[in-house]
Structure formats: structure tokens, C-alpha cells
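Thank you for making time this morning. I would like to walk you through one model, going from its surface to its charged pairs and then to its sheet.

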Amino acid sequence: MGETAEATSRTDAPIEGLPPGPRMPRALQDVATVTRLRPFLRRAQRRYGDIFTVRVHRFGNIVAVGDPELIKRTFTASPRTLYSGEGSALGPVLGINSLLVIDEQIHLRQRKLLLPPFHGERMRAYESTIERIATDELAQWREGEEFPVAPSTMRITLRAILVAVFGAHDEVLQRLEELVPRMTELGSALTPVPILHHDLGPLSPWGRFRRMRAEFDALCDDLIDEAKHDPELERRPDVLALMVQARHDDGSRMRNEEIRDQLMTMLAAGHETTAATLAWTVERLRRHPGVLARLVAEADAGGRDYRDATIREVQRLRPVIMFSIRIVKRPFELGGYVLPPGTRIALGGALTHYDERLFPDALRFSPERFLGRAPETYAWIPFGGGIRRCIGATFAHMEMDVVLRTLLRMWTLEPTTAPPERLKFRGVAYAPADGGLARVRRREPRALPARAVRERVTITVAPA
């Protein structure tokens with residue numbers, strides 16, 4: 001294929017064009033992808049194999065991929081051949097500087113600046129903050145009545161990001177906590193409907209969002225200005241403090257608009273998604289009392305291995321983001337087909353996470369499958385992969401671990417025989433339709449074993 005397409009590893013000539021796929025009219029495929037996404041894709045996979053084409057009006061031709069080797073090839077392709085940000089529906093919401101909507105060298109430079117806060121020593125400082133936030137929120141739960149946990153997990157993950165990432169406090173923290181839920185709810189609803197991205201005045205949906213975003217930007221500017229004048233800036237653990245100190249390769253600082261868009265991106269990527277996973281965790285545990293009992297015993301003993309495995313199994317069986325998308329910019333050979341520019345490639349857990357060849361008895365909730373072994377990198381992909389893998393994956397896992405540990409020590413979750421909650425698409429993430437219903441009883445406080453005390457100050461997250 002020379003300079004025009006990435007080299008093929010096959011000995012036979014690749015086919016120019018798209019792989020086959022469902023032949024039903026686009027309108028019916030539109031409906032199927034919205035209302036019956038996983039069953040629709042699984043049926044197509046059984047009929048056409050691990051690479052097939054679906055056709056929907058908004059996005060055109062989408063090549064869905066369910067083979068880990070082909071997923072690896074796509075995730076590791078040249079950033080000049082496959083884009084991810086260009087044309088993203090998230091662009092108008094997150095801003096033109098967002099890590100999720102930029103490509104090639106610009107993306108790599110921004111990613112290099114943003115990676116350091118989410119690894120190593122920083123995690124220890126974030127853990128104690130998140131534990132305090134979770135304890136304060138969970139203490140408000142009430143015994144004996146069934147309630148959705150999603151509002152609580154949303155408040156926990158929001159405050160965790162505003163404190164640990166934004167460095168927000170006092171009045172600005174309060175104003176952001178009032179603004180962000182309204183802004184993200186409206187932004188999530190508008191993201192999949194580009195036709196509404198027109199400001200028709202303050203009462204129009206996009207007009208209201210733009211005014212909320214302007215208020216958000218002003219509050220971020222206040223935090224940036226405060227950080228720039230903070231004599232203790234180098235000692236601060238929050239991510240904003242590091243962004244203010246960061247330098248591009250030419251020595252220039254990040255501009256305010258860059259910082260604001262990245263803060264907005266971290267909200268979008270780490271707030272609702274982590275909250276939804278925590279809600280799914282409660283929903284799954286109430287229907288698997290054996291798993292729940294083992295988790296409680298482990299938490300009381302100061303362990304964490306089974307909790308790690310449980311979080312990963314929830315992410316496998318209930319992924320809140322179904323796909324990572326790549327856009328072909330140069331002809332790209334994949335699975336025996338040379339995909340033309342403009343083709344979208346969909347890679348994600350909507351296929352691999354339910355494949356019996358990759359996860360035996362795939363529909364069964366079984367944390368044991370991840371006990372003592374890390375998930376396969378290109379089969380278990382809740383955080384995407386390659387150079388665009390979620391930079392906050394380690395932070396998100398740590399956050400979920402701390403919140404779940406705190407919950408297990410404070411409350412007893414009562415099991416239920418109710419049917420599983422349905423998936424509900426919220427514009428960005430798939431969440432439990434009923435919000436992860438819980439019924440709880442307060443546990444008696446107990447002294448923590450020495451191992452649990454050590455766990456509070458030593459956190460290691462297994463690589464995904």
C-alpha cells in the first residue's frame with residue numbers, strides 16, 4: 001500500500017472498501033443502535049464476523065470491530081492515519097482545546113502536559129480527600145427506605161474533581177457545585193443532537209448552555225488567577241496547580257482557554273462516568289449477595305484484591321462508554337479491508353466484553369475472573385486504548401475503590417431479587433435506569449486492622 005495505507009500483514013490482497021454488515025434500512029439501524037445497541041451488534045457479529053459495517057444517518061458508515069488483535073492494530077495506528085477528535089460531537093461542548101477533540105502533535109503535546117498529576121505520589125494525596133468526601137456524603141443516607149444512589153455518587157465524583165483537580169474551595173466550590181450539574185446535564189443532552197447547537201437566545205437550549213459555560217469559564221479564570229498568585233503553588237497537589245506551572249516545548253505557559261477546556265474535559269470524562277460505574281456497582285452487588293459478603297469481609301480485614309477485581313468486572317459487564325471512535329484520515333487496512341478516508345471505526349466493550357471466546361460465561365457477574373490477573377489490554381477496554389487511553393483511568397479506579405471501601409464499612413447493603421436495572425443512555429454515559437436502587441442498614445463502627453491503616457496511605461493500581 002506504500003505511502004497511502006498502513007501495510008497489511010495478510011498475504012492475500014485486501015479488499016478496497018467496507019466490510020459487509022446488516023442490510024436493513026438506515027432508519028431501522030438508527031433505531032436499533034439507540035434502543036437495542038448490544039443485541040443488535042452481537043447479532044451482526046455472529047452473522048458477519050468480528051469486523052462489519054453499520055450505517056446510521058448521523059455518522060454514516062461505521063465499521064464495528066470485535067477482535068482484540070484488530071482493536072490493537074487500530075489503537076496503535078499512526079495518529080496521522082486515524083483521528084479521534086476531528087468532528088467529535090463533544091467539541092462544541094468541551095471547547096476547541098479539549099484533549100478529546102484535538103489530534104496529531106497538538107494532542108500529544110497537551111497529553112504530555114496533563115499526564116503527570118494522575119500517577120505516582122499524587123494518588124496518595126487524592127485518596128484521603130476522596131475518602132473524606134465519600135464519608136460526608138454517605139453519612140446522609142437513611143436506613144430502611146429504597147433510594148437511588150446515583151445522585152450521591154454524582155455529588156461525590158463532582159466534589160472529588162472540583163477539589164482534587166480544580167483546587168476549588170469556599171465560595172467558588174459552592175458556585176461550581178450548583179452550576180456544573182445543570183450544565184453537564186444540559187450538555188450531555190445536547191451532545192448527540194448537533195442540529196440544536198445554535199444560539200437562538202437565552203431561552204433556547206444552546207443559548208442556555210453557552211451562558212452556563214461562560215459562567216463556568218469565569219469561575220475557572222478566578223481559580224487560575226488565584227493559583228498564579230499563590231506563593232505555595234509548588235506545594236499544592238491539585239491538577240490545576242500543575243497546569244499553571246506547565247510549559248510547552250517552546251517554554252510558553254498554557255493559556256487560560258486551554259486550561260479551561262481541559263478542566264471541562266476532565267469533568268466530562270471523569271464525573272458522570274465514574275458516578276455511573278459506582279451506581280452500577282451497587283446495582284450488581286445487591287443481586288449477588290455472595291460477592292457482597294466477600295467484599296465486606298475483605299474490607300473489614302483491610303484487603304483490596306477482590307474489590308479491585310469487582311470494580312473491573314462491573315466495568316466489563318456494565319461499561320458506561322460503549323465505544324472509542326477513530327476516523328480514517330488516510331486509507332487504512334484492517335481485517336482484510338482498505339477503509340477509505342471518512343470511515344468511522346468503533347472499538348469497544350459493547351462487543352468484546354460479551355464475547356464468550358474472550359470471557360467464558362460472559363453474561364455472568366464473576367469478579368473471580370480478574371482475581372490475581374490483570375484484564376487483557378485489548379479485550380477489556382472501558383478506558384479506551386493506545387495514545388488516547390483515558391489519562392484519568394488510574395484516578396478513576398482509585399476513586400471507585402475508595403468510595404466502595406467507605407460504603408462497605410459504613411453501611412450494609414440489603415440484597416434484592418428485583419430484575420436487573422435497564423441501561424439508560426444519558427448522552428455521554430450508560431447508567432442504571434433507576435439510578436442504582438439501594439436499601440441499607442447502618443453498620444456499627446469498628447476498629448480497623450493494621451493492614452487497613454496501611455492501605456490508607458499506600459495505594460497501587462494494577463495496570464489495565
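Let me begin with helix α9, which gives three residues, the largest share, to a negative surface patch. Before I go further, please keep in mind that this is a predicted model, in which local features need pLDDT of at least 70 and side-chain atom pairs count only at pLDDT 80 or more, while totals for chains, interfaces and linings use all residues. Residues are numbered from 1 along each chain as its sequence is written, and side-chain values use heavy atoms, with hydrogens and water left out.

The patch is made up of Asp-170, Glu-171, Asp-222, Asp-225 and Glu-226, where a patch takes residues with over 30% relative accessible area and no salt bridge, like charges being joined within 9 Å. Both α8 (170–190) and α9 (205–228) supply at least two of its residues each; helices here are DSSP runs of H or I with at least four residues, and strands are runs of E with at least two. Asp-225, which lies in α9, has 45% relative accessibility and therefore counts as partly exposed, since buried means under 20% relative accessible area, exposed over 50%, and partly exposed in between, with a 1.4 Å probe and protein chains only.

Now to the salt bridges, of which the structure holds 32, each being a side-chain nitrogen of Lys or Arg within 4 Å of a carboxyl oxygen of Asp or Glu. One of them joins the side chains of Arg-405 and Glu-127, at 3.1 Å from N to O. Arg-405 sits in helix α16 and Glu-127 in helix α6 (residues 122–138), so this pair ties together parts that are 278 residues apart in sequence. Both Arg-405 and Glu-127 are buried.

Another salt bridge, at 3.0 Å from N to O, is formed by the side chains of Asp-221 and Arg-260. Asp-221 belongs to α9 and Arg-260 to helix α11 (residues 256–270), so here the parts tied together are 39 residues apart in sequence. Asp-221 is partly exposed at 24% relative accessibility, whereas Arg-260 is buried at 15%.

Finally, what is the order of the strands in the open sheet of five? The order is β2-β3-β9-β6-β4, with mixed pairing, and two strands pair if DSSP finds at least two bridges between them. Strands β2 (51–56) and β4 (82–83) stand at the edges with a single partner strand each, so one side of each has no neighbour in the sheet. Further in, β6 (residues 324–328) and β9 (residues 344–347) pair in the antiparallel sense over four bridges, and Ile-325 has Ala-346 in β9 as its bridge partner.

Terms used: Patches are made of residues with over 30% relative accessible area and no salt bridge: like charges are joined within 9 Å, nonpolar side chains (Val, Leu, Ile, Met, Phe, Trp, Tyr) within 5 Å. Accessible areas come from the Shrake-Rupley method with a 1.4 Å probe; for residues, only the protein chains shown count as cover. Lys and Arg count as positive and Asp and Glu as negative; His and the chain ends are not counted. The place of a charge is taken as NZ of Lys, CZ of Arg, CG of Asp or CD of Glu.
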